[in-house]
Amino acid sequence: MEIYHIEDASLFPNSGPEERRKRILVITAVEAEKDAICRGLKGDGRFDVLAAGVGPIAAAVGTAAVLASAKSDYDLVISAGIGGGFPGRAPIGSLVVAEEMVAADLGAETPEGFVSLDKLGFGTARVHAHGSLVERVTEALRNAGLPVHTGPVLTVSTVTGTAATAAALSARIPGAAAEGMEGYGVAAAAVKFGIPVLEIRAISNPVGPRDRDAWRIGDALNALEAASTILREVQL
Ligand SMILES: O=C(O)c1cccc(C(=O)CC[C@H]2O[C@@H](n3cnc4c(=O)[nH]cnc43)[C@H](O)[C@@H]2O)c1
(Lines give C-alpha, C1' and ligand atoms only; values in the text may rest on other atoms or scores of the structure.)
Protein backbone atom coordinates (compact mmCIF):
# COMPACT_ATOMS: atom_id res chain seq x y z
CA MET A 1 0.00 0.00 0.00
CA GLU A 2 1.24 3.47 -0.91
CA ILE A 3 1.50 5.89 1.97
CA TYR A 4 0.74 9.55 1.28
CA HIS A 5 2.29 12.15 3.48
CA ILE A 6 0.10 15.08 4.48
CA GLU A 7 2.83 17.47 3.33
CA ASP A 8 2.75 16.06 -0.23
CA ALA A 9 1.66 19.30 -1.92
CA SER A 10 0.65 17.55 -5.15
CA LEU A 11 -2.26 15.94 -3.27
CA PHE A 12 -3.52 19.28 -2.02
CA PRO A 13 -2.88 21.73 -4.87
CA ASN A 14 -4.54 24.66 -3.12
CA SER A 15 -3.26 23.98 0.35
CA GLY A 16 0.41 23.03 -0.04
CA PRO A 17 2.83 23.40 2.82
CA GLU A 18 3.48 27.04 3.61
CA GLU A 19 6.70 28.30 2.06
CA ARG A 20 9.36 28.77 4.71
CA ARG A 21 10.20 32.45 5.28
CA LYS A 22 13.66 33.38 4.02
CA ARG A 23 16.27 33.86 6.75
CA ILE A 24 18.91 36.55 6.30
CA LEU A 25 22.16 37.05 8.19
CA VAL A 26 23.54 40.59 8.19
CA ILE A 27 27.18 41.07 9.21
CA THR A 28 28.53 44.49 10.20
CA ALA A 29 31.91 45.50 11.58
CA VAL A 30 30.88 47.59 14.60
CA GLU A 31 27.91 47.95 16.95
CA ALA A 32 26.98 51.42 15.62
CA GLU A 33 26.39 49.89 12.18
CA LYS A 34 24.44 47.01 13.70
CA ASP A 35 22.27 49.44 15.69
CA ALA A 36 21.50 51.54 12.59
CA ILE A 37 20.47 48.44 10.66
CA CYS A 38 18.33 47.12 13.52
CA ARG A 39 16.56 50.47 13.75
CA GLY A 40 15.78 50.24 10.03
CA LEU A 41 14.65 46.61 10.21
CA LYS A 42 12.14 47.50 12.96
CA GLY A 43 12.21 44.07 14.56
CA ASP A 44 11.67 42.08 11.33
CA GLY A 45 12.20 38.52 12.52
CA ARG A 46 13.64 37.23 9.23
CA PHE A 47 16.89 39.09 9.86
CA ASP A 48 19.69 38.41 12.33
CA VAL A 49 22.36 41.10 12.64
CA LEU A 50 25.85 40.50 14.04
CA ALA A 51 28.76 42.90 14.56
CA ALA A 52 31.72 40.62 13.84
CA GLY A 53 34.58 43.10 14.11
CA VAL A 54 36.66 45.26 11.81
CA GLY A 55 38.57 43.79 8.87
CA PRO A 56 38.24 40.83 6.51
CA ILE A 57 39.56 38.24 8.94
CA ALA A 58 37.16 39.08 11.78
CA ALA A 59 34.36 39.25 9.20
CA ALA A 60 35.15 35.84 7.70
CA VAL A 61 35.65 34.13 11.05
CA GLY A 62 32.49 35.66 12.54
CA THR A 63 30.36 34.79 9.51
CA ALA A 64 31.69 31.24 9.24
CA ALA A 65 31.13 30.62 12.96
CA VAL A 66 27.45 31.57 12.65
CA LEU A 67 26.92 29.61 9.43
CA ALA A 68 28.57 26.53 10.93
CA SER A 69 26.39 26.54 14.03
CA ALA A 70 23.81 23.77 14.31
CA LYS A 71 20.81 26.11 14.25
CA SER A 72 21.95 28.06 11.17
CA ASP A 73 19.35 28.11 8.39
CA TYR A 74 20.22 31.22 6.41
CA ASP A 75 19.26 31.72 2.76
CA LEU A 76 21.25 34.92 2.25
CA VAL A 77 24.19 36.69 3.87
CA ILE A 78 24.62 40.48 3.64
CA SER A 79 27.80 42.37 4.49
CA ALA A 80 26.70 45.89 5.43
CA GLY A 81 28.30 48.98 6.89
CA ILE A 82 29.78 52.36 6.21
CA GLY A 83 32.49 52.74 3.60
CA GLY A 84 34.62 55.00 1.47
CA GLY A 85 33.23 56.11 -1.89
CA PHE A 86 35.42 56.46 -4.97
CA PRO A 87 35.35 60.06 -6.23
CA GLY A 88 33.00 60.44 -9.17
CA ARG A 89 31.30 57.13 -8.35
CA ALA A 90 29.68 57.29 -4.92
CA PRO A 91 29.38 60.54 -2.91
CA ILE A 92 29.00 60.82 0.86
CA GLY A 93 25.55 59.78 2.07
CA SER A 94 24.88 57.59 -0.96
CA LEU A 95 24.57 53.81 -0.98
CA VAL A 96 26.54 51.25 -2.96
CA VAL A 97 25.27 47.77 -3.72
CA ALA A 98 28.24 45.59 -4.68
CA GLU A 99 28.18 43.75 -8.00
CA GLU A 100 31.25 41.93 -6.78
CA MET A 101 33.36 41.86 -3.65
CA VAL A 102 37.05 42.21 -4.45
CA ALA A 103 39.93 41.55 -2.04
CA ALA A 104 41.85 44.47 -3.52
CA ASP A 105 45.12 44.04 -1.64
CA LEU A 106 45.32 40.25 -1.71
CA GLY A 107 48.26 39.42 -3.96
CA ALA A 108 51.91 40.28 -4.42
CA GLU A 109 53.76 43.53 -4.92
CA THR A 110 56.38 43.30 -7.69
CA PRO A 111 58.70 45.86 -9.29
CA GLU A 112 56.21 45.86 -12.20
CA GLY A 113 53.26 46.53 -9.92
CA PHE A 114 50.59 44.66 -7.97
CA VAL A 115 49.77 41.07 -9.00
CA SER A 116 46.40 39.74 -7.84
CA LEU A 117 45.74 36.33 -6.34
CA ASP A 118 43.99 35.36 -9.59
CA LYS A 119 47.05 36.20 -11.70
CA LEU A 120 49.32 34.41 -9.22
CA GLY A 121 47.22 31.27 -9.82
CA PHE A 122 46.07 30.84 -6.21
CA GLY A 123 42.31 31.03 -6.69
CA THR A 124 40.30 34.20 -6.87
CA ALA A 125 40.14 37.47 -4.99
CA ARG A 126 36.64 38.19 -6.37
CA VAL A 127 33.20 36.97 -5.36
CA HIS A 128 30.20 37.89 -7.49
CA ALA A 129 27.13 39.02 -5.63
CA HIS A 130 23.80 37.34 -6.43
CA GLY A 131 22.98 39.14 -9.73
CA SER A 132 19.19 39.31 -9.60
CA LEU A 133 19.25 40.25 -5.92
CA VAL A 134 21.61 43.12 -6.68
CA GLU A 135 19.10 44.34 -9.27
CA ARG A 136 16.09 43.96 -6.98
CA VAL A 137 17.74 45.68 -4.02
CA THR A 138 19.14 48.51 -6.15
CA GLU A 139 15.79 49.12 -7.81
CA ALA A 140 13.94 49.13 -4.49
CA LEU A 141 16.41 51.60 -2.95
CA ARG A 142 16.19 53.83 -6.03
CA ASN A 143 12.39 53.68 -6.07
CA ALA A 144 12.43 54.78 -2.44
CA GLY A 145 14.33 57.90 -3.51
CA LEU A 146 17.66 56.86 -2.00
CA PRO A 147 20.83 57.65 -3.97
CA VAL A 148 22.28 54.27 -4.94
CA HIS A 149 25.14 53.10 -7.13
CA THR A 150 26.46 49.70 -8.14
CA GLY A 151 29.92 48.43 -9.02
CA PRO A 152 32.74 46.45 -7.51
CA VAL A 153 33.23 47.11 -3.79
CA LEU A 154 36.81 46.65 -2.67
CA THR A 155 37.84 45.01 0.59
CA VAL A 156 41.11 46.35 1.99
CA SER A 157 43.04 45.57 5.15
CA THR A 158 44.42 49.10 5.22
CA VAL A 159 42.07 52.04 4.64
CA THR A 160 43.26 53.98 1.59
CA GLY A 161 44.89 57.23 2.70
CA THR A 162 46.40 58.84 -0.40
CA ALA A 163 45.18 60.04 -3.78
CA ALA A 164 47.85 57.89 -5.42
CA THR A 165 46.54 54.65 -3.86
CA ALA A 166 42.94 55.62 -4.70
CA ALA A 167 43.93 56.21 -8.33
CA ALA A 168 45.89 52.94 -8.47
CA LEU A 169 42.92 50.97 -7.12
CA SER A 170 40.50 52.63 -9.58
CA ALA A 171 42.84 51.82 -12.45
CA ARG A 172 43.31 48.22 -11.34
CA ILE A 173 39.63 47.55 -10.68
CA PRO A 174 37.64 49.48 -13.30
CA GLY A 175 34.33 50.79 -12.02
CA ALA A 176 35.32 50.42 -8.35
CA ALA A 177 32.54 52.22 -6.49
CA ALA A 178 33.41 51.88 -2.81
CA GLU A 179 35.85 50.41 -0.35
CA GLY A 180 35.32 48.75 3.02
CA MET A 181 37.20 46.27 5.14
CA GLU A 182 34.85 43.29 5.45
CA GLY A 183 32.90 42.42 2.29
CA TYR A 184 35.24 39.84 0.79
CA GLY A 185 35.68 38.12 4.17
CA VAL A 186 31.92 37.76 4.62
CA ALA A 187 31.58 36.62 1.00
CA ALA A 188 34.35 34.01 1.31
CA ALA A 189 32.53 32.46 4.27
CA ALA A 190 29.15 32.53 2.50
CA VAL A 191 30.64 30.88 -0.60
CA LYS A 192 32.11 28.13 1.56
CA PHE A 193 28.58 27.35 2.81
CA GLY A 194 26.97 27.73 -0.64
CA ILE A 195 24.85 30.72 0.40
CA PRO A 196 24.27 33.79 -1.84
CA VAL A 197 25.84 37.02 -0.65
CA LEU A 198 25.33 40.77 -1.01
CA GLU A 199 27.30 43.79 0.19
CA ILE A 200 25.78 47.20 0.89
CA ARG A 201 27.92 50.21 1.86
CA ALA A 202 26.69 53.60 3.03
CA ILE A 203 29.32 56.17 2.13
CA SER A 204 30.88 58.12 5.01
CA ASN A 205 33.99 59.50 3.31
CA PRO A 206 35.74 59.74 -0.03
CA VAL A 207 38.45 57.18 -0.82
CA GLY A 208 41.62 59.26 -0.93
CA PRO A 209 43.81 61.49 1.25
CA ARG A 210 43.10 60.71 4.89
CA ASP A 211 40.94 63.26 6.71
CA ARG A 212 39.23 61.35 9.52
CA ASP A 213 37.58 64.53 10.88
CA ALA A 214 35.71 64.88 7.58
CA TRP A 215 34.08 61.42 7.79
CA ARG A 216 30.30 61.88 7.89
CA ILE A 217 29.57 58.80 9.96
CA GLY A 218 26.16 60.06 11.12
CA ASP A 219 25.00 60.65 7.52
CA ALA A 220 26.23 57.19 6.51
CA LEU A 221 24.52 55.50 9.46
CA ASN A 222 21.26 57.30 8.59
CA ALA A 223 21.57 56.04 5.01
CA LEU A 224 22.23 52.53 6.31
CA GLU A 225 19.11 52.72 8.49
CA ALA A 226 16.99 53.95 5.56
CA ALA A 227 18.34 51.19 3.31
CA SER A 228 17.52 48.56 5.94
CA THR A 229 13.91 49.72 6.09
CA ILE A 230 13.64 49.23 2.32
CA LEU A 231 15.33 45.79 2.53
CA ARG A 232 12.28 44.56 4.46
CA GLU A 233 10.14 45.21 1.38
CA VAL A 234 12.41 43.48 -1.15
CA GLN A 235 11.78 39.88 -2.06
CA LEU A 236 15.15 38.54 -0.95
O1 LIG B 1 33.23 56.33 15.31
C2 LIG B 1 32.09 55.92 15.06
O3 LIG B 1 31.06 56.37 15.58
C4 LIG B 1 31.94 54.87 14.07
C5 LIG B 1 30.66 54.42 13.75
C6 LIG B 1 30.53 53.45 12.80
C7 LIG B 1 31.65 52.92 12.17
C8 LIG B 1 32.90 53.39 12.50
C9 LIG B 1 34.10 52.88 11.87
O10 LIG B 1 35.13 53.48 11.85
C11 LIG B 1 33.96 51.55 11.28
C12 LIG B 1 35.16 51.16 10.49
C13 LIG B 1 34.59 50.59 9.23
O14 LIG B 1 34.37 51.57 8.30
C15 LIG B 1 34.52 51.06 7.04
N16 LIG B 1 35.11 52.15 6.26
C17 LIG B 1 34.64 53.40 6.28
N18 LIG B 1 35.33 54.15 5.43
C19 LIG B 1 36.25 53.36 4.86
C20 LIG B 1 37.25 53.60 3.86
O21 LIG B 1 37.43 54.69 3.32
N22 LIG B 1 38.02 52.54 3.53
C23 LIG B 1 37.85 51.33 4.10
N24 LIG B 1 36.91 51.09 5.04
C25 LIG B 1 36.11 52.08 5.40
C26 LIG B 1 35.32 49.78 7.19
O27 LIG B 1 34.58 48.73 6.65
C28 LIG B 1 35.52 49.59 8.68
O29 LIG B 1 35.02 48.42 9.17
C30 LIG B 1 33.06 54.36 13.44
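Predicted model: local features only at pLDDT ≥ 70, side-chain atom pairs only at ≥ 80, totals over all residues.

Around the ligand sits a shell of 20 residues, and the largest nonpolar core has 63.

**Around the ligand**
- The closest of the surrounding residues are Ala 29, Ala 32, Gly 84, Gly 180 and Met 181.
- β3 gives the largest share of the shell, with four residues.
- Sorted by class, the shell has 10 nonpolar, seven polar and three charged residues.

- As a bit of background, nonpolar side chains tend to be buried together in soluble globular proteins.
- In the largest nonpolar core here, the residues touching the most other members are Val 26, Leu 95, Val 96, Val 186 and Leu 224.
- Strand β4 (residues 95–103) supplies the largest share of this core, seven residues.
- Leaving out residues up to four places away in sequence, Leu 224 touches Glu 33, Ala 36, Ile 37, Ala 80, Ile 82 and Ala 202.

**A loop residue to look up**
- Lys 42 is in the loop between α1 and β2 (47–51).
- Its phi is near 50°, which is a positive value in a residue other than glycine.
- Is Lys 42 buried or exposed? Lys 42 counts as exposed because it has 10 C-beta neighbours inside 10 Å, and the cut-off for exposed is 12 or fewer.

Note on methods. Residues numbered from 1 in each chain as written. Near = placed C-beta within 6 Å. Helix = DSSP H or I, 4+ residues; strand = E, 2+ residues; numbered from the N terminus. Nonpolar A, V, L, I, M, F, W, Y, C, P; charged D, E, K, R; others polar. Buried ≥ 20, exposed ≤ 12 C-beta atoms within 10 Å, placed from the backbone. Core = buried A, V, L, I, M, F, W, Y, C linked by C-beta atoms within 7 Å. Contact = placed C-beta atoms within 7 Å.
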